[in-house]
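Colleague: Could you walk me through this model, one question at a time? I would like to begin with the helices and then move on to the strands.

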Amino acid sequence: MNGNSYISLYISNWVIAISLTIAFLLDRIPIPIFLEKIRPDLVLVVLLYWVILLPHKINILTSWVIGLFLDIGRDTLLGQHALAFSIVAYLALKACRHIRLTSIWQQTLFVAILLIIKQILIFWINGIIGYPPRDWWYLAPTLGGIIIWPLIFIILSDISYYFQIN
Amino acid sequence: MSILKISFCIVLSILIMTIDHYYQYLHSIRSVLSIAVYPFYYLINLPNHTKDWLGKNLAERITILQENAKLHENQILLNVQLQKLATLEAENRRLRSLLESVVHSSEHMLIAELIAVNFDQYRHNIILNRGEKHGIYIGQPVIDQLGIVGQIIRTNFLTSTAILITDINHAIPIQINRTGVRTLALGTGDLKELKLLHIPANEDIKVGDLLVTSGLDGRFPRGYPVGIITKFEPSSPFANIIAKPIANLDRLSEVILININKCLYYNENYIK
């Protein structure tokens, strides 16, 4: 029994790392300019799935580090995504017990609110450093995130069910 | 407990952001971390490279021969033009020495490949696969075959970041080629628009006029094409002028970095 849980711990670490790596790659892959405006925050969506499923493993500090790596990858102000990710992870941690029991549509609503909070934080910081938002398009990535969340949720649920991560 | 963690994260983030925005201390950390991210860029571009490689290796002999013939022809034509250019350059230098002005020195070119683009709302950045190792410096002009693309704003060891001329925080000093009127072209956050500043409504400007760099900033060499005027609306006190960048900013795959050895076109008389 003990050995089994060790193995599953080991596997779950790898699954989380690989899913985040793939999300990171897909986040940086070039897409047509007109789609760029609604490009979802894939890394955050995948991260939120793991925060909600495994709050004891993926916590605020992990999210902070992942946000920092995204800052390097997207070449934004260092600490910007780290701040937004840690705050969003904190809110998700607070609500994860309730959220896990709700239906996928209610979850989507919850994730949408978190994504909007993240987007507002990012643009708040951007406004301070000289890139103020001019129109409502800056909330468009949230729309992409809402569209992609059920998809990510189903894929990652299947994967975590297969590897018995819970 | 989690309150403690989140407070720690918020304070640390604000600290890092402040340092990153106002000072240069975090440069080495960013440089080191960017090396860690570099394999990701390599992986992202792998399908593209494989496609190019396959295209090159699996092309038919006849296609290659045709392409070769075309390139050869092109090279002859370019060489002929270059002959003329050499005389013109010599003449130009002679005239400038008569006017007692300093002639610009040689410009060293380096080709770089794009490894990522950051086009969110108003921030237009591209990441290039050349860094400090290849002698890239901050402020280095970036062009493509058609015209000015932008300039380097950040350098890492293996990569560097360039800001495009259409970024909302970028301005470039330009000159209208036909009349010599000098002004600034500001980025608007739209890849197809530049805005021209402080031109009186009665100035002689037509739609279709070519904008070239004026070289007054000491960064961009003089005379490179920047854009073409697409809209001219006289209004008071200054005209409302929109130009379109000449470079293919939304379809960049390779860019050229110009390394200017010190001096640009400037008149010694101004310095005295």
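Predicted model: local features only at pLDDT ≥ 70, side-chain atom pairs only at ≥ 80, totals over all residues.

Colleague: Which residues does A:Ile146 touch, not counting residues up to four places away in sequence?

Modeller: Residues are numbered from 1 along each chain as its sequence is written, chains are lettered from A and ligands numbered from 1 in the order in which they are written, and side-chain values use heavy atoms, with hydrogens and water left out. A:Ile146 sits in helix H7 (residues 140-162) of chain A, where helices (H or I, at least four residues) and strands (E, at least two) are DSSP runs numbered from the N terminus. Taking contact as heavy atoms within 4.5 Å, and leaving out residues up to four places away in sequence, A:Ile146 touches A:Thr108, A:Ala112 and A:Leu115.

Colleague: Is A:Ser19 buried or exposed?

Modeller: A:Ser19 belongs to helix H1 (residues 2-28) of chain A. Beyond residues up to four places away in sequence, A:Ser19 touches A:Val46, A:Trp50 and A:Leu156. Buried means under 20% relative accessible area, exposed over 50%, and partly exposed in between (1.4 Å probe, protein chains only). With a relative accessible area of 13%, A:Ser19 is buried.

Colleague: How are H3(A) and H7(A) oriented to each other, parallel, antiparallel, perpendicular or oblique?

Modeller: Helix H3 (residues 42-53) of chain A packs on H7(A) at an angle of about 50°, and their axes are 10 Å apart. Axes are lines fitted to C-alpha atoms, for helices over the stretch in contact, and angles run from 0 to 180 degrees between N-to-C directions. Angles under 35 degrees count as roughly parallel, over 145 as roughly antiparallel, 65 to 115 as roughly perpendicular and the rest as oblique. H3(A) and H7(A) are therefore oblique.

Colleague: By class, how many nonpolar, polar and charged residues are in the contact of H3(A) with H7(A)?

Modeller: The contributors from H3(A) include A:Val46 and A:Trp50, and those from H7(A) include A:Trp149 and A:Leu156. Ala, Val, Leu, Ile, Met, Phe, Trp, Tyr, Cys and Pro count as nonpolar, Asp, Glu, Lys and Arg as charged, and the others, Gly among them, as polar. By class, the contact of H3(A) with H7(A) has 13 nonpolar, three polar and no charged residues.

Colleague: What is the relation between H5(A) and H6(A), roughly parallel or roughly antiparallel?

Modeller: The axes of H5(A) and helix H6 (residues 104-128) of chain A come within 9 Å and cross at roughly 160°. That makes the two helices, H5(A) and H6(A), roughly antiparallel.

Colleague: Where does A:Asp75 lie?

Modeller: A:Asp75 has a positive phi of about 60° although it is not a glycine. A:Asp75 is also buried, with a relative accessible area of 5%. Its place is the loop between helix H4 (60-74) and helix H5 (80-101) of chain A.

Colleague: And B:His198, is that residue buried or exposed?

Modeller: B:His198 likewise is not a glycine, and has a positive phi of about 50°. Its loop runs between strand S8 (194-196) and strand S9 (210-213) of chain B. At 55% relative accessibility, B:His198 counts as exposed.

Colleague: In S4(B), what is the bridge partner of B:Ile143?

Modeller: Strand S3 (residues 141-143) of chain B pairs with S4(B) in the antiparallel sense over three bridges. Four residues lie between S3(B) and S4(B) in their hairpin. Six of the eight residues of strand S4 (residues 148-155) of chain B are buried, so this strand is largely enclosed by the rest of the structure. The bridge partner of B:Ile143 in S4(B) is B:Ile148.

Colleague: In what order do six strands of chain B close into a barrel?

Modeller: One pairing is that of strand S6 (residues 171-176) with strand S7 (residues 182-187) of chain B, antiparallel and joined by five bridges. Within S7(B), B:Leu184 is the bridge partner of B:Pro173. The barrel pairing is antiparallel, and the order is S6-S7-S8-S11-S10-S9.

Conventions: Pairing = 2+ DSSP bridges.
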